[in-house]
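Please keep the model open in your viewer and follow the stops below in order, selecting each one as it comes up.

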Amino acid sequence: DNVVFPMTMKFQPLQLTASGHDIGGNLLFGARLGFSGTPSDLLPIDLGRCQYEQGSDGKMLRLMTNPNVVSLVGLGSNWSPLGILQHVAQADPPYHALIDSGALITGVSNQ
């Protein structure tokens, strides 16, 4: 029977949050330009259909499978998100990019 956050439970006249669809739509910006390495037609309706560059998938695949450009590092069975970040931060020579690390580096604060 108790309301824990009475001030925040009240109706707010302004929207304080936005999703990716809100940002991509007409709500915030009149013109939008963006790039994603993941081709998808799951775009906000305001953006229209995804415009694919012919041959870009093939170029990306060729680049990402070129051993002169990309290397693979095994993490072992006892890896952790913090361990990955520490490994990258201490690498010598330093890494230039982490690819698709968002799925691995979860629950880590920037504090």
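In which helix is Met-60 found? Select residues 56–64, and you have helix α3, which contains Met-60; helices here are DSSP runs of H or I with at least four residues, strands are runs of E with at least two, and both are numbered from the N terminus. Before going further, note that this is a predicted model, in which local features need pLDDT of at least 70 and side-chain atom pairs count only at pLDDT 80 or more, while totals for chains, interfaces and linings use all residues. Residues are numbered from 1 along each chain as its sequence is written, and side-chain values use heavy atoms, with hydrogens and water left out.

**The whole chain**

Colour the chain by pLDDT, the predictor's confidence in each residue from 0 to 100: the average is 76, and 68% of the residues score at least 70. Confidence is lowest in helix α1 (residues 6–9), with a mean of 64, and highest in helix α4 (residues 81–90), at 88. Where pLDDT is low, the predicted coordinates should not be read in detail. The chain has four helices and zero strands, and of its 111 residues 5% count as buried, where buried means under 20% relative accessible area, exposed means over 50%, and partly exposed lies in between (1.4 Å probe, protein chains only).

Next, select Trp-79 in the loop between α3 and α4, a partly exposed residue with a relative accessible area of 39%. Leaving aside neighbours within four places in sequence, Trp-79 is in contact (heavy atoms within 4.5 Å) with Ile-84 and Leu-104. Trp-79 and Leu-104 are 25 residues apart along the chain, and their C-alpha atoms are separated by 10.0 Å.

Finally, go to helix α2 (residues 20–24) and pick Asp-22, which is partly exposed at 23% relative accessible area.
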